[in-house]
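User: I would like to learn how to read a structure feature by feature, with the general idea before each case. Could you take me through this one?

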Amino acid sequence: MPRTALRICPLCEATCGLTLTIEGTTVTGARGDRDDVFSRGFICPKGAAFGQIDADPDRLRTPLVRRDGRLQEATWDEAYDAIAAAVPGLVAEYGAQSVGVVLGNPNVHTMAGALYPPLLLKTLGTRNLFTASTLDQMPKHVSSGFLFGDPLAIPVPDLDRTDFLLLLGANPVESNGSLCTAPDFPGRLKALRARGGTLVVVDPRRTRTAALADRHLAPRPGSDALLLAALAHTLLAEKLTAPGALEERVEGLGELGAALASFTPEAVAPACDLTAVEIRSLARELAAAPTAAVYGRIGSCTVEHGTLASWLVDVLNILTGNLDRPGGALFPLSATDRAPRPAGPGRGFTVGRWHSRVSGHAEAKSELPIAALAEEIETPGEGRIRTLLAIAANPVLSAPDGDRLDRALAGLDFMVSVDPYLNETSRHAHVVLPPPPPAQTAHFDFAFNAFAVRNQARYSPPAIPLEEGRMDECEIHARLILAVSGLHGAPPGAVDERVIADTLARAAADAHSPLHGTDPSEQAGRLAGRTGPEKRLDMMLRLGPYELVLDDLLEAPHGIDLGPLRPRLPEVLKTRSGRIELLPDPIAAELPRLRTALAYRPAALVLVGRRHLRSNNSWLHNVPALTGGSNRCTLQVHPQDAARLGLTDGGRARVAADGGSLEVPVEVTEAVRTGVVSLPHGWGHDRAGARLGVASATPGANVNQLLDGTRIDRLSGTAVLNGFPVELTPLP
């Protein structure tokens, strides 16, 4: 008889609740959980395809170990024996900095990816950490660090209560939101308009989100920081600012006007390809709205001035008094956040505490730009990366110049991949450790609850018992930590026990902790949970702000609603001043470079990426239910540009840029503005040695091969993936 089980969807940031239909040990269907406290039954095509994703025949079932130059199936003991025999010796010979760690986007979608990589990095002692953040969101972390002293203090728009929402470079109707966890984003946007609110979308493409808007502005790609600076300038010049209660918590408000004096609407308009009237009108509407929120995402981050754009988003929220205000932009409070403590100055935030070996890129949030990974492997000398641990990462497709990185990976002394697939990156590994399918894995959203538009907590135990021969993902990570640390063979539970003991000892000594003054050993004995990760979750809940325990979540399978977001300043602030530092020195020093952009006119054509509802980066292209339809790797070109260049709909073109050229099918459409072409991210499944049967049948082209990695946002190290110049040539 079929049965049902509840599961939080791990396939995008929306974290929707699912009801799975299971026959035996197979997921045969998935629908939205109508009783889920957060998603209320919403589901997208990715969630509906959960069963196909779970049962993908190309998923690896056993570890692979390279023998005689070929990856071959092996036992788990053989895989960890190989790691233990190689990595500690390489570290002893060449030093900790000879090891690199790459963390991909799926890490934040699993419990294991949240709990264990920090321990792995501490164990290895390497500073060579590269993650998907420098292909996506690092500008927001850096700007938040400068403003609030904490790179994880990212305010999110209060979608359900705002009167005016300004979206820049975001297409949440298809991406389901990012750094703004909101199931049914489309429904929330429609509800905003239904209650009389206003939605304005700024995007060079007429996306499905733009189609819902009251107004759509299509500026030149990469001009977001200029537009935002002009909006802030107008608010200041026309005395439309109303920071309200924020004013006493802000430093630098008086200096901001002078810093932005050059960015008048008239000066900015030509570079943005908007009119000064449009810019002034938008600023005045933003100021006049009863409540408002400004939200910028990947289109405004992965550009040359991405950190300045991210900073200006919050500057506008501050100037209008909408930061930390219901209906504006607020700071979520996750159930596993640390319990609030008294407000006061913190350590602040800085970048550049160390630099990459070859090009001298500054670290940001303890990470180096992933665009620099290939040169750190290739370039001889002390500190060259010889050993690489890639966890849920496919940088050959996701990072610039995948061909160069492909060649570099082949020259490593040793590589470990934790990945369910043999993909374009993991095919280079000496050992591949495959996690089980998601239905066999427990789930709690440590990362995304910190960006949720409503505070809530939900936990999913495994829906299906772990299949014989599989290893739980958390155990895979724990054993990896032991293998690289010289403790190979120790029980994996020892890793969790050590974390629990250390955390409870610190909590007992912390005067602001709920467990201050208690006996750590006694507290450890009280923790509930069948596994080490569950005990750690229980501990984090007990140390959190809501006095929850794991049993509370187990007894509420549809989740616990913890209420709407609420004002949290000044407890959020960790700057050295204890105030919002509105014009920090690194930002002020970067503004002259932005001024030079006022005179810049882009090439005849620039390229932007795009997201598909049935895709997530490079990791869902092997699912039959998610292929075809609009989920195609085509180059979108405006009809006027197509006519000028001799391109035809359905024809082919060669696209050339800094890093090389691609041949792609052409889609002539008015969805892009003139002077802009669009190619989606995550494709290029045509490399020998990967085992992705569905994806390789329609491989598409890797848009990031057009980049050589030299274009980055200086403040954050984020690769410029949008708004770079290209040349098109029609092909027969």
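Analyst: A definition comes first: helices and strands are DSSP runs, a helix being at least four residues of H or I, and they are numbered from the N terminus. Please keep in mind throughout that this is a predicted model.

User: Are W76 and Y80 buried or exposed?

Analyst: Both W76 and Y80 are buried.

User: What does an edge-to-face pair look like here?

Analyst: Planes over 60 degrees apart count as edge-to-face. F148 and F331 form such a pair, with 5.2 Å between the ring centres and 90 degrees between the planes. Because F148 lies in helix α6 (residues 138-148) and F331 in the loop between β14 (329-330) and α16 (373-378), this pair ties together parts that are 183 residues apart in sequence.

User: Why do F148 and F331 count as buried?

Analyst: The cut-off for buried is under 20% relative accessible area. F148 counts as buried because its relative accessibility is 0%, and F331 counts as buried because its value is 2%.

User: Which arginines lie over the face of a tyrosine ring?

Analyst: The idea is that the CZ atom of Arg must be close enough to the ring centre, within 6 Å, and within 35 degrees of the ring normal. R386 lies over the face of Y94, at 3.8 Å from the ring centre, and R536 lies over the face of Y116, at 5.1 Å from the ring centre.

User: How should I read the sheet of seven strands, and which strands stand at its edges?

Analyst: Read the order across the sheet, and then the sense of the pairing. This open sheet runs β5-β4-β17-β16-β15-β6-β7, and its pairing is mixed. At the edges stand β5 (70-73) and β7 (129-131); each has a single partner strand, so one side of each is left without a neighbour in the sheet. Direction ignored, neighbouring strands are turned by 20 degrees against each other on average. Within this sheet, β15 (residues 387-391) and β16 (residues 414-418) pair in the parallel sense over five bridges, and L388 stands opposite M415 in β16.

User: Which helices pack on that sheet?

Analyst: Helix α3, the one that holds W76 and Y80, packs on the sheet and touches β4 (64-67), β6 (99-103), β15, β16 and β17 (431-433), its direction making about 125 degrees with that of β17. Helix α5 (residues 117-124) also packs on the sheet, touching β6, β7 and β15, and its direction makes about 170 degrees with that of β6.

User: What is the order of the sheet of four strands, and which helices pack on it?

Analyst: This open sheet has the order β11-β10-β9-β13, with parallel pairing. Its edge strands are β11 (215-217) and β13 (293-296), each pairing on one side only. Three bridges join β10 (residues 198-202) to β11, and H216 in β11 is the bridge partner of V201. Helix α8 (residues 185-194) packs on the sheet through contacts with β9 (164-168) and β10, at about 130 degrees to the direction of β10. Helix α10 (residues 224-237) touches β9, β10 and β13, and its direction makes about 150 degrees with that of β9.

User: What does the side chain of E590 contact?

Analyst: E590 lies in helix α24 (residues 585-596) and counts as buried because its relative accessibility is 4%. Its side chain makes a polar contact of 3.3 Å with the side chain of R714. Leaving aside residues up to four places away in sequence, E590 touches L308, R714 and L715.

User: Where is there a cis peptide bond?

Analyst: A cis peptide bond joins L569 and P570, with omega about 5 degrees, and P570 is placed in the loop between β21 (560-564) and β22 (580-581).

Note on methods: Residues numbered from 1 in each chain as written. Predicted model: local features only at pLDDT ≥ 70, side-chain atom pairs only at ≥ 80, totals over all residues. Heavy atoms only, no water. Helix = DSSP H or I, 4+ residues; strand = E, 2+ residues; numbered from the N terminus. Buried < 20%, exposed > 50% of the residue type's maximum accessible area, 1.4 Å probe, protein only. Phe/Tyr/Trp six-rings, centres within 6.5 Å; stacked < 30°, edge-to-face > 60°. Pairing = 2+ DSSP bridges. Contact = heavy atoms within 4.5 Å. Axes fitted to C-alpha atoms, helices over the stretch in contact; angles between N-to-C directions. Polar contact = N/O pair within 3.5 Å; in protein donor to acceptor, adjacent residues only side chain to side chain.
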